[in-house]
Each structure stands twice: as structure tokens, then as C-alpha cells.
Amino acid sequence: MNDHIHDDLPDIIENVTYAELQVGQSARQTRTLTADDIAAFAAVSGDVNPAHLDTDYADATLFHGVIAHGMWGAALISKLLGTTLPGPGTIYLEQSLRFLKPVRIGDTLRITATVLTKEDANHHVTLNCEVKNQTGALVLAGVATVIAPVEKVRRPRTQLPLLRLVDPTERFGVLLASAAALEPVRCAVIHPCDTESLKGALDAAARKLIVPVLIAPLARLRAVAEEAHISLDGVEIIDVAHSHAAAEKAAAMGAAGEVEMLMKGSLHTDEMMLAVLAQPALRTKRRFSHVFRLEVPMYDKVLLISDAALNIQPTLMEKADIVQNAIDLAHALGTPEPKVAILSAVETVTPKIASTLDAAALCKMAERRQITGGVLDGPLAFDNAISPQAARIKGIDSPVAGHADILIAPDLEAGNMLAKQLEYLAGAATCGVVLGAALPIALTSRADAADARVASAALALLLAHRYRKERP
């Protein structure tokens, strides 16, 4: 997930009228090519020539690497003519172009336009256009013919929307990379009796995140595998009668130390969690809670949301555990002091809304070190938790407001709706894990695809290794 950053330019654009133009007059702009520029141009134009986008293909061409679209350079000339010389009001008539050298990622281009001729009868102007790279080499040249504006124009520069590029093939890329160097752990996969849960488990195994133990009715498991053309060769399988038995067996294996992770398949969450809770060895002093990890295209960092799957209407002390569990996950993900926003409908404490009182109490608990490892603030409404502008407008001066790493929902209903809205309406890539047990539990919705299950396994693997270090 990347931001496409435009040049820093003046807030006002002003033209040079036909009468003001002089032969020999010139203007210049610069631009450095990024991978995002190439991706954005391809997305807008539809030009997916692999010379611009496929590293393996491009390395084998005569250019020996990815190059920019030729017309991207031409667009830089258009930008110079349309915004600077002659500027606003210019009408393009003709443009000749000679493509002389390839432009590569990291090249800094200097775009120059110089007035060659003027025709008073029709206000036509020809301009010599050159694009040179940082070495001074000419990469693109041509002559433009335009109708120059005759009236002065001075306008505020239009503020363009933020263009954020999301590569669907790179979902969870950072998360998977962070887990890639870790030793896979033995994982009980509970009742993976549909295509996505089975595929997710075996894909996680192929990525060396887990050593899977599939616990399910054998005949049903084989039927799913056969229908989906998935091989079960070499995979350990424990045959059980039904999903209840699968959950009980997996929990017993976890309690006995035979596996270091559990992974939910195609059974209900409460069915699995009841089996886990029935094993005293899997309980800790901490309340069990679920944390969603979301990569939201329009947010500049990973978001954690809790609890949206287990605790329906948590008490204040249960919320304290929910907060601490989420902070622990943030630490495992590499955020040493996460910013925790305690959500409510408003950002002021009021007895009429109980969640605002809980938020204030949680913040005081953090001050007294009953909750550690994060910076808490609340109550915060969702807008001022994630939007610096909303926080400024409402006069909220806080290190958390507008920059939250963790969102703590007031209850399960709010958290679940928030997480799923971000996933289905905002395009968030979502995975999840249960904390508070003696071992991590990769837990996703039964509707989630295999890649979300793989990502959840990566989350659980990071925690499993953390738990290893913490054991006496």
C-alpha cells in the first residue's frame, strides 16, 4: 500500500499571455520517477506492457530493467505547458516527440519548454520541448504547437485527491515478510472442511508458517480436497467424528504441548472457543480477546481493532485485558509503543454513554500502569481517532488522536461492524488472532478467503515465538 506523492508546487497558478510571451522565453520543472508513477500511469491508461511492470520480463529486454511509459514523459511536457508556460488557458494543437533514452525508477527529469515562434494572426505559439535526466542526457524531445491564452488567468491550484495504490497481489506482504524468517510451528487446524479453510492451512504450510495437523472427519476432508484438487499427501491428519470432536481434540493437544498454535477451520467460533476454555492449561490470568489486523488503503499504517469477535459486552476490567492483549500484538508486530484510541460515539466524557466512562477509566489505569506498553486516549469518536484534520477541528490535542494504531471498540457489535465495513467498503485486507490463551489462535470469519487465513497464521506465528521467549 503506497501513497502517490505529487510535486510540491505553488498554491497559485498563473499564465503567461500571448502578448507577454517572448521568443526564447523558457520555463522548467523537475520530477523524479517512482514505481508508483509507473503503476499509476498503467492504471489510468490501461497500458500494462510488461516492459513497465514485470521485473522478470523487463530484465531480459534490451533495456535490462523496468522503464517508464514513453507517454509518461510526454505527460510531463503537457503539465509544464498547461500550468506554467503558457499556463492556464493553453490549448494544445500539435506535439512531435522523439524518444531517445529510457527513463528508469529514480531518474530525476528536468522538463524544459522554450518559445520558438509566435503567430499574431491566430495566437499560435511553437515551443521546443526537452526532457533531460540527472546526467544531462536528453531522453525526450519534440516541438509543441499551442494556442496561447490572450487573457490573464491567476487561479488557486486545484487540490488533487490523494491517489493511493493498492496492489492486490501484495496483500499482507509486510506481515508475511516479517514472519518469513521464523521457524514454523506445529499447528492444529480445526475442522478445515471447506475449500478456503483447507487451502488456507496448506498455503500457510507451503509458506513454512505452520506444520499442519488437520483434525476433521477423514471422509469429509478427502471429499473437499478432491473437489478442490488439493493434495493431502504427506499431511498429518487426525480422524474425528465431527466438528465438536475436532475442537476438543485440538484443545487437548494444545494443553498437552503437542501443538503451539490453533487455527480455526469451517466451524463456528463459539464451538471452538468452548473447547479451548474447557482446558485449564490453556487459560491464563488474561481474558481471551480477538484482534483484527487491517491494512486499510486510505490509512497510512496498519490498524488493530478489538474486540470484534469474542467479548459481547465487556466490563471495564475485561476491556483492560482487551487493551493489553492488543498492545501485546502490536509489540509482536514491531510497534514498541502503540497509540490506543478508546472509541465511543463522542469524544467527551458523559454519564449518559457508559463507554465514555470506561474510556476515561482505562486511560487512568494506563497512567497508574495497570495497562502498560502503549499510549491511551479516550473517549475518541472514530473520526478524530484516525483523522488528524478531524482532531484539529474539534480541538483535540493528543498524541493518539488522528494517529491511532489500535482501536478499542465499546462492544462486539460496534467492533464487528467497524471491521467488516472497513473490509467490504474500504477494501481493507483483514486477518485476525485470539490472544489471552496459553497459545495463539488464528481466527478468521468462515467467509474469509485463503489469503486471510494465511495472514492469520503469520500473526499467530509471530505470537507463538513471542510466547516461547516468555515461558519460564
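**Leu176 and its neighbours**

I started with Leu176, looking for contacts (heavy atoms within 4.5 Å). Leaving out residues up to four places away in sequence, I found that Leu176 touches Arg207, Leu209, Val454, Ala455 and Ala458. Ala458 is 282 residues from Leu176 along the chain, yet their C-alpha atoms are separated by 6.2 Å. Leu176 sits in helix α5, residues 173–179. Helices here are DSSP runs of H or I with at least four residues, strands are runs of E with at least two, and both are numbered from the N terminus. Is Leu176 buried or exposed? Leu176 is buried, at a relative accessible area of 14%. The scale I used is buried under 20% relative accessible area, exposed over 50% and partly exposed in between, with a 1.4 Å probe and protein chains only.

**A note on the model**

I keep in mind that this is a predicted model, in which local features need pLDDT of at least 70 and side-chain atom pairs count only at pLDDT 80 or more, while totals for chains, interfaces and linings use all residues. Residues are numbered from 1 along each chain as its sequence is written, and side-chain values use heavy atoms, with hydrogens and water left out.

**Asn325**

Next I looked up Asn325, in helix α10 (residues 316–332). Asn325 is buried, with a relative accessible area of 2%. Not counting residues up to four places away in sequence, the residues it touches include Arg286, Arg287, Phe288 and Leu435.

In helix α1 (residues 35–45), I noted Asp36, Asp37, Ile38, Ala40 and Ala42 as buried. Just after α1, Gly46 takes a positive phi of about 80°.

Gly24 lies in the loop between β2 (12–14) and β3 (26–32), and counts as partly exposed at 49% relative accessibility. Which residues does Gly24 contact, leaving aside its neighbours within four places in sequence? They are Thr114 and Val115. I also checked Gly24 against Leu127: 103 residues apart in sequence, 9.1 Å apart C-alpha to C-alpha.

A reminder to myself: most residues other than glycine have a negative phi, and most peptide bonds are trans.

I found a cis peptide bond from Leu85 to Pro86, with omega near 0°. Pro86 is in the loop between α4 (70–83) and β4 (91–95). The bond from Gly378 to Pro379 is cis too, with omega near 5°, and Pro379 lies in strand β18 (residues 375–380).

His123 has phi near 60° and sits in the loop between β6 (108–119) and β7 (124–132). His191 has a positive phi of about 55° and sits in the loop between β11 (185–190) and α6 (195–206). His123 is partly exposed at 29% relative accessibility, whereas His191 is buried with a relative accessible area of 4%.

**The whole chain**

Finally, I stepped back. The protein chain has 15 helices and 21 strands. Domain 1 covers 20–156 and domain 2 covers 173–469, with bounds from an automatic or database domain assignment. Their centres, taken over C-alpha atoms, are 48 Å apart. Along the principal axes, the C-alpha atoms fill a box of roughly 90 × 60 × 35 Å. Of the 472 residues, 49% count as buried.
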